[in-house]
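Trainee: I'd like to go through the labels on this model and hear what each one rests on. Can you take me through them?

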Amino acid sequence: MPEELNVGLVGCGFMGKAHSNAWLNTGKFFNLPIQPGMKAICALPEDEDALRRMAENWGWEGYVTDYKELVTREDIDLVDVATPNNTHAEISIAAAEAGKNVSCEKPLAMNVAEAKEMLQAVKEAGVRHMVWFNYRRVPAVALARRLIDEGRIGKIYHFRAQYLQDWIMDPEFPLVWRLRKEVGGSGAHGDLNAHITDLARYLVGEIDEVVGMSETFIKERPLEAEAVGLTATAGEKRGQVTVDDTVLFLARFENGAVGSFEGTRFGAGRKNGERFEINGEKGTLAFDFERMNELEFFSREDPEGLQGFKTILATEPGHPYMEAYWPPGHLIGYEHTFVSQAADLVKGIAEGTELKPDFEDGLRNQEVLDAVLKSCEERAWIKVGE
Ligand code: SOE
């Protein structure tokens with residue numbers, strides 16, 4: 001067993017903060033075989049002020065402005081990638097080639113070809129790898145998986161999922177990187193459908209074929225510089241939105257279940273409405289991230305006349321991950337999903353045990369995402385992975 005696990009984090013935005021908090025706190029909540037060391041955080045030189053503040057605030061020992069320096073440092077064991085999507089492959093492959101373990105934000109890559117290269121790189125280097133599909137670590141979601149494994153809802157017929165946000169509904173919201181194809185790859189699809197696709201694979205199984213539709217409601221937006229009051233000359237004030245605002249798709253699972261998926265940034269009033277409902281032969285499970293401590297369960301096996309949905313408050317010590325946190329009924333939040341995933345990552349690397357979801361899962365996820373985009377273009381059913 002290694003004696004320590006020194007982490008170098010790349011990225012200082014929203015995810016940089018979520019990951020920094022995870023690395024700072026995971027060893028305090030969980031009884032880990034080794035402690036993660038917060039060696040260095042990295043971002044581009046133009047972000048140096050924010051980077052310095054971030055390093056000081058979250059307890060990183062230092063910072064660097066070149067990821068190539070970070071990945072080759074001898075005192076780093078794990079490179080954690082929390083950057084915009086178009087840099088995941090380059091940084092992860094460089095880290096693997098330098099012999100580092102790699103954890104990478106979702107979606108793993110811009111497309112299947114990149115995801116394949118990333119998987120090959122970590123396999124060839126013999127390093128450990130993981131993708132931050134953090135919602136698998138919501139206790140209520142992990143409990144849903146446990147109940148499915150125990151056969152509580154029996155054979156699954158339907159997986160019905162939505163991921164609804166509304167943060168870009170204002171047409172004057174600027175053209176941030178998530179709205180540009182060359183940086184984000186896709187829009188709500190890679191950002192939000194990636195998560196519900198991961199939950200589908202985690203809870204139900206592999207997806208065989210898909211058919212989808214896509215729409216971009218607001219086709220032009222103010223350039224970012226103008227929006228923050230910097231210089232933008234006439235004619236350069238607006239730019240094309242080159243990704244989807246919403247993608248909807250239907251899916252057939254290999255085990256015979258059918259699924260519907262909807263990812264949108266135009267779900268007015270829904271801030272992080274990641275929901276699913278799973279109907280099986282013996283009952284139903286339902287989840288909504290905006291009430292993330294709860295899991296709804298309907299059992300057809302309950303006595304007649306007493307059947308109905310029950311709401312399980314997934315905060316008991318016997319519920320997944322909860323023993324590490326608070327007494328029953330003392331709710332946890334978004335940040336805990338990252339803290340729990342970091343704990344699994346440290347344990348998996350220290351003890352040589354399974355790490356899920358890994359780059360293989362990232363690739364399978366990307367295959368579904370790419371098949372849906374192809375289906376949107378061709379207006380046809382598409383087999384996943386072909
Ligand atoms: C987008 O708004 C976003 O931050 C995603 O990128 C995250 O993956 C999701 O968990 C929350 O929303």
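Trainee: Why is Glu215 called partly exposed?

Mentor: Buried means under 20% relative accessible area, exposed means over 50%, and partly exposed is what lies in between, with a 1.4 Å probe and protein chains only. Glu215 has 36% relative accessibility, so it counts as partly exposed. By the way, this is a predicted model: local features need pLDDT of at least 70, side-chain atom pairs count only at pLDDT 80 or more, and totals for chains, interfaces and linings use all residues. Residues are numbered from 1 along each chain as its sequence is written, and side-chain values use heavy atoms, with hydrogens and water left out.

Trainee: What makes Glu215 and Lys219 a salt bridge?

Mentor: The term asks for a side-chain nitrogen of Lys or Arg within 4 Å of a carboxyl oxygen of Asp or Glu. Here N to O is 3.5 Å, which meets that cut-off. Lys219 is partly exposed as well, at 48%.

Trainee: How do you know that Arg201 is buried?

Mentor: Its relative accessible area is 11%, so Arg201 falls on the buried side of the cut-off. Arg201 has a salt bridge to Glu206 at 2.9 Å, N to O, and Glu206 is partly exposed at 31%.

Trainee: And what makes Arg291 exposed?

Mentor: The value for Arg291 is 52%, so the residue passes the exposed cut-off. Its salt-bridge partner is Glu294, with the closest N and O atoms 3.0 Å apart; Glu294 comes out as partly exposed at 23%. Elsewhere, bridges that share partners tie Lys106, Arg178, Asp191 and Arg265 into one network. The structure holds 28 salt bridges.

Trainee: On to the sheet. How do you know that β2 and β3 pair?

Mentor: Strands are DSSP runs of E, at least two residues long, while helices are H or I runs of at least four, both numbered from the N terminus. Two strands pair if DSSP finds at least two bridges between them. β2 (residues 36-42) and β3 have three bridges, in the parallel sense, so they pair. Cys42 stands opposite Val64 in β3.

Trainee: What is the strand order in the open sheet?

Mentor: It runs β3-β2-β1-β4-β5-β6, with parallel pairing.

Trainee: Why are β3 and β6 placed at the edges?

Mentor: β3 (62-64) and β6 (129-131) each have a single partner strand, so one side of each has no neighbour in the sheet.
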